[in-house]
Amino acid sequence: MLDKLSDVLVLGAGPAGAATALFLARAGYDVALLDRATFPRDKPCGEYLTPGAVQLLRDEIGVLPELLALGARRLERETVVPHSARSFSGPTEALACPRLVTDNVLLDTVQAAGVRVTEGFAARKIIREGGKICGVTGTNAQGEQQTHRARVVVGADGTHSLAAREMGVVRPIPRLQRIALVTHYAAFGTDVGGSVTMHLPRDRSDACCGVGASCGPDGTQNVNIVVPLSEAKQMAGRRQEYFEQRLKSSFPQVWEQVSGLAPVGPLHSVGCFGHYTKRATDDGVVLVGDAATFIHPFTGEGVFFALRGAQLAAQAIDESFQRSDFSRHSLRRYDAARRTELLSRYRLCDAVQHVVHSPALLAWASERLRRSASLTEILLQTIGDRMRPADLFSLSNLRLALSTL
Ligand SMILES: Cc1cc2nc3c(=O)[nH]c(=O)nc-3n(C[C@H](O)[C@H](O)[C@H](O)COP(=O)(O)OP(=O)(O)OC[C@H]3O[C@@H](n4cnc5c(N)ncnc54)[C@H](O)[C@@H]3O)c2cc1C
C-alpha cells in the first residue's frame, strides 16, 4: 500500500493533538490526525477545566457554546478539604465537563476544519530516516499495516508516548508514580451552586480524592482517587472493593455521600506516572500535552497544558514551514516557549504537591487562606491558569500574605 504523505502528522487525538491539528489546519496546512481509539472515547480524568482552559476553549478554539449545550457545567466554587484541618474555598470560573463530551467536540471541530482523521489506527513504530523523524507505521482498524509520513510529526500520544520514547527524552519522576481510580455516581448533592472539591485523607495516608460537580448529558458526578503505585497489588482483581474501602478509611466524608449509590458506568484505573522530558523537540518532531510532561493531576491543569502547549507548538511549526527547515534547531523555539510559559506552572504544581504531602504545612497554609478571601482568590486564579505564577510573589500579594500571620 502507498505511504500517506501530509505536511503535519499528529499522533493522538486527545486535547493536545486535536488542538495542534486544528491550529495548523486553520493556518492552511495539510494535517493528518491518527488515534488508536474510536471516538467518542472516554479518558479517566477529574473532568475539571481550569479557567485558563475555558478561556482557550472559548476564545482560541471556539467550542465553549457547544460544550455548554452538551452539559458542561459552570462552576462557582473550588474547595480544598485538608487532612483534618478546616477547609478553604474560593470562587472560580472553571467548568466541569465529561471527557466523552470535551474530546469528541474537539475532534468534530478538527474534522470540520479539514484535518484528515483516522480513528482505530494504533501506531507501532516511529520512522526515523537520516536522523530525522518523518512518520509512523502501525495497523488500521481493519488490521492492515499502514505508513504515514509528514514533514513534521507531532507526538500527542499521552503519558506513554511512543514518540517521546523514540526520542529518548523521558525522565520519570519517581515520587509521582501513582494509580488513579475514576468513576461516576448519580448526582449526590454536594455540588449545590456548582462546586469541585479536593479532599486530602483523614488518615493522613498518601492519597487524594477529587469530587466533581454533576455535569454532562446524564448529570453524573465524577469521583476519583489517586494512590501510590505500591497499592497496585492490593487492588488486583478487586478494584471496586478496594475503591470503596479506600473511600471509607481515608475519605469518610465522601463515602458518607456515595455509600448507598451504585456507580454509573465502569470504574476505570489508570497509571498516573509523573514524568518530564529533557526537551520536547527533535529533528522533525515535537511533543505536546502529556507526551511532553505529566505532573500530579491534583491542580487539574492537564487540559490547559495540552491546549496552550498545542498553541505554542503550532506557532513553532508554522515558523519552521516559513523557513522550510524542520530540524531540531529550527523547532527549538517551541522548547523556549514552553520554558517561558509552562515551566513555572509545572513548578507551582509540584510545589503544591510538596505542601499537600506535609500535613502540618498544609494546615498552616489552609488557616492563612481561610483568613484571607483575597489571598485564596489569587492562589486559585494562579493554579487556574489565569495569572502568572510569578505574580504570586508581587509586593502587594506578599503584603496580603503577611497580614494573615
Ligand atoms: C486521575 C486523573 C485525573 C485528572 N484530572 C484532570 C482534571 O480534572 N483536569 C485536567 O485538566 N486534567 C486532568 N488530568 C490530566 C489530563 O487527563 C491530561 O493531562 C490530558 O488528557 C492530556 O491530554 P493529551 O491530549 O496530552 O493526552 P490524552 O488525552 O491521553 O490523549 C492521548 C491520545 O493518544 C492516543 N494514543 C496513545 N498512544 C497511541 C498510539 N500508539 N497510536 C495511536 N494513538 C495513540 C490515545 O488513544 C489518546 O486518545 C487528570 C489525569 C488523571 C490521570
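This briefing describes the nonpolar cores of the structure and the surroundings of its ligand. The model is predicted: local features need pLDDT of at least 70, side-chain atom pairs count only at pLDDT 80 or more, and totals for chains, interfaces and linings use all residues. Residue numbers start from 1 along each chain as its sequence is written.

**Nonpolar cores**

- A nonpolar core is a set of buried Ala, Val, Leu, Ile, Met, Phe, Trp, Tyr and Cys residues joined through C-beta atoms within 7 Å; buried means that 20 or more other C-beta atoms, placed from the backbone, lie within 10 Å of the residue's own.
- The largest such core has 79 residues, and Val-286 and Val-288 have the most contacts inside it.
- Helix H9 (residues 302-323) gives the most to this core, 11 residues; helices are DSSP runs (H or I, at least four residues) and strands likewise (E, at least two), numbered from the N terminus.
- At least three residues of this core come from each of domain 1 (4-73 + 97-172 + 276-346) and domain 2 (173-273), with bounds from an automatic or database domain assignment.
- A second, separate core of 38 residues includes Val-81, Val-182, Met-198 and Val-223.

**Ligand surroundings**

- The ligand is surrounded by 40 residues, where a residue counts as near if its C-beta atom, placed from the backbone, lies within 6 Å.
- The closest are Gly-12, Gly-14, Gly-46, Gly-289 and Gly-302.
- H9 supplies the largest share of this shell, 4 residues.
- Because domain 1 and domain 2 both give residues to the shell, the ligand lies between them.

Key:
Buried ≥ 20, exposed ≤ 12 C-beta atoms within 10 Å, placed from the backbone.
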